[in-house]
Amino acid sequence: MTKQAASKTPVLVGVGVAHRKEQDWRNALEPVALMQEAAAAAVADAGAAGIAPAIDRVIVPEGLWSYGDPARTVADAIGASRASTTLVKLGVLQQTGIALACEAIAGGECEATLVVGGEARYRALRASIAGEEAPETPDERTPDHTLVPEEEFYLPEETGSGLGYMPVNYYAILESAYRHARGWSVSEGRDRVAALYSRFSAVSERNPHAWKPGHVAAATIRDPGEHNPMLAFPYTKLHNTSWNVDQAGALLLCSQQRADELGIPETQRVYPLASAQCEQMLSVALRRHLDRVPGVAAAGQRLEESLGLCLADVDFIELYSCFPVAVLAYASELGLSLDRDLTVTGGMPFAGGPLNNYVIQSTCRLAELLRASPGCTGLVSSVSGLMTKQGLGLWSTAPPELPFQSVDVTAAVSAANPPLRVLSAYEGVARVAGYTVLYERGQRQRAVAMLDTPAGERVIAWTEDPGLMVSMELDEWVGRNVSCSGDQLVAAR
């Protein structure tokens with residue numbers, strides 16, 4: 001790397017986390033106030049007078065709040081009034097906002113950038129329980145820049161089958177396909193996933209920022225109970241992210257040159273090595289292999305080739321854990337053993353999953369661990385939608401030998417993975433590619449299956465037959481031939 005390029009190397013110099021759990025919502029902070037608290041903590045963490053006025057850009061991922069330009073509120077609060085503001089809309093990969101900050105610094109557009117986000121869903125929940133509504137400060141401003149995604153889409157055949165718009169329903173189908181592809185029985189798959197998440201919960205005990213720290217037994221996670229209802233077989237509530245949290249996180253990055261000028265010590269610095277993403281837009285039913293995530297494999301391979309390393313050798317791993325199959329599939333595609341720790345936070349059910357801000361939270365925690373382990377590397381993954389978009393971020397305490405790498409594998413992955421044809425109705429025998437049993441108030445409501453026809457087409461069929469639903473939970477139906485009439489799953493063959 002040339003001296004000039006090295007001077008523009010992006011470096012993470014400050015991390016900040018805000019974490020509140022007020023039972024009385026009137027004592028809680030609204031989302032933008034949490035963001036201000038996290039941003040101020042990141043500035044303080046950098047430990048350099050003059051870093052805040054040097055911030056050129058503040059980037060905020062959109063959340064479940066109504067602010068028009070929260071980045072401006074944060075910028076003014078921390079003394080970065082000259083910074084431009086960017087709102088990253090829901091549906092854009094969380095890694096994208098971090099990559100944008102790194103690219104701006106590496107390209108010489110900015111000398112310092114703040115990425116900050118947060119949610120206060122617990123505050124809203126406590127207000128709702130009290131029969132009240134938690135207000136937010138009105139903000140109808142427009143940010144200087146807005147990143148708008150290609151929207152997540154659902155096929156009418158998907159939503160009309162009963163899957164609706166609930167992510168858990170689709171992820172449960174992907175889980176069944178993954179289980180079958182690994183040769184696990186239904187019971188073994190449930191055991192393995194429960195054990196994995198129990199280990200995640202144990203990691204949460206070591207995370208000072210975890211929302212619900214504490215070890216949870218595998219049996220408690222696996223099986224439904226009074227406080228752990230089944231939602232979409234085999235997923236109970238404890239397999240799902242906890243998004244009713246009051247959490248915010250902030251990442252303060254600057255150029256290596258500015259870090260040198262400000263006298264920020266090397267022990268404080270964490271370097272972003274690379275970012276990779278895939279944004280092929282395929283609804284679940286259009287995917288040929290429900291157990292695979294080809295975008296992750298392609299992104300991981302490109303990172304390994306670009307940086308000359310093996311991702312399996314990375315010291316710290318944080319795999320996005322909205323649902324277990326996201327962890328399992330990413331691990332498989334990246335060649336990571338399930339026997340190692342795959343989280344640094346404790347995972348989204350236990351550390352907390354503030355919707356569109358979790359990757360910032362997990363990167364903050366990763367940075368803390370890397371600072372305590374000089375010479376180590378860390379990997380953080382992102383998921384958007386129904387495992388529709390995939391992202392990876394690679395970090396190190398050692399200054400990089402190469403410029404920051406930003407990789408997009410969308411075009412190559414799209415060319416290699418064309419969509420299936422989905423039928424609205426089908427008469428005959430088809431093979432089950434994936435399925436789930438949907439629950440409501442603890443009771444089975446409907447089984448939904450994605451089927452592959454002999455001609456290589458996909459059809460979605462459902463049944464409300466009690467016997468078939470029970471059978472689907474006891475025995476493996478992926479790979480079975482079934483009879484389909486219109487959109488009705490009639491029987492196994």
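**Pockets and cavities in a predicted model**

In the lining of the largest pocket, 30 residues are nonpolar, 12 are polar and 7 are charged. The model is a predicted one. The space in this largest pocket comes to about 1,500 Å³, while the second largest pocket has about 320 Å³. There are also 5 cavities of 30 Å³ or more.

**Largest pocket**
- The lining is made up of 49 residues, and those nearest the centre of the pocket are Pro 167, Thr 241, Trp 243, Phe 323 and Leu 355.
- Two or more lining residues come from each of the helices α5 (121-129), α7 (167-181) and α13 (348-351), and from each of the strands β11 (377-384) and β15 (426-440).

**Second largest pocket**
- Here 19 residues form the lining, with Leu 282, Arg 287, Arg 292, Pro 294 and Asn 417 nearest the centre.
- Helices α11 (294-307) and α15 (410-416) are the elements that each supply two or more residues to this lining.
- Sorted by class, the lining of the second largest pocket holds 10 nonpolar, 6 polar and 3 charged residues.

**Largest cavity**
- The largest cavity has a volume of about 80 Å³.
- Among the residues lining this cavity are Val 17, Asn 207, His 209, Gln 247 and Thr 345. Tyr 358, Gln 361 and Arg 365 also belong to the lining.
- Helix α14 (residues 358-371) gives the largest share of the lining, 3 residues.
- The lining of the largest cavity counts 6 polar, 4 nonpolar and 1 charged residues.

Terms used
Residues are numbered from 1 along each chain as its sequence is written. This is a predicted model: local features need pLDDT of at least 70, side-chain atom pairs count only at pLDDT 80 or more; totals for chains, interfaces and linings use all residues. Side-chain values use heavy atoms; hydrogens and water are left out. On a 1 Å grid over the protein atoms alone, a cavity is a set of points where a 1.4 Å probe fits but cannot get out, and a pocket is an open set with protein on both sides within 12 Å along at least five of seven lines; lining residues have an atom within 4 Å of a point. Grid points are joined across faces, edges and corners, and a volume is the space filled by probe spheres set on the points. Helices (H or I, at least four residues) and strands (E, at least two) are DSSP runs, numbered from the N terminus. Ala, Val, Leu, Ile, Met, Phe, Trp, Tyr, Cys and Pro count as nonpolar, Asp, Glu, Lys and Arg as charged, and the others, Gly among them, as polar.
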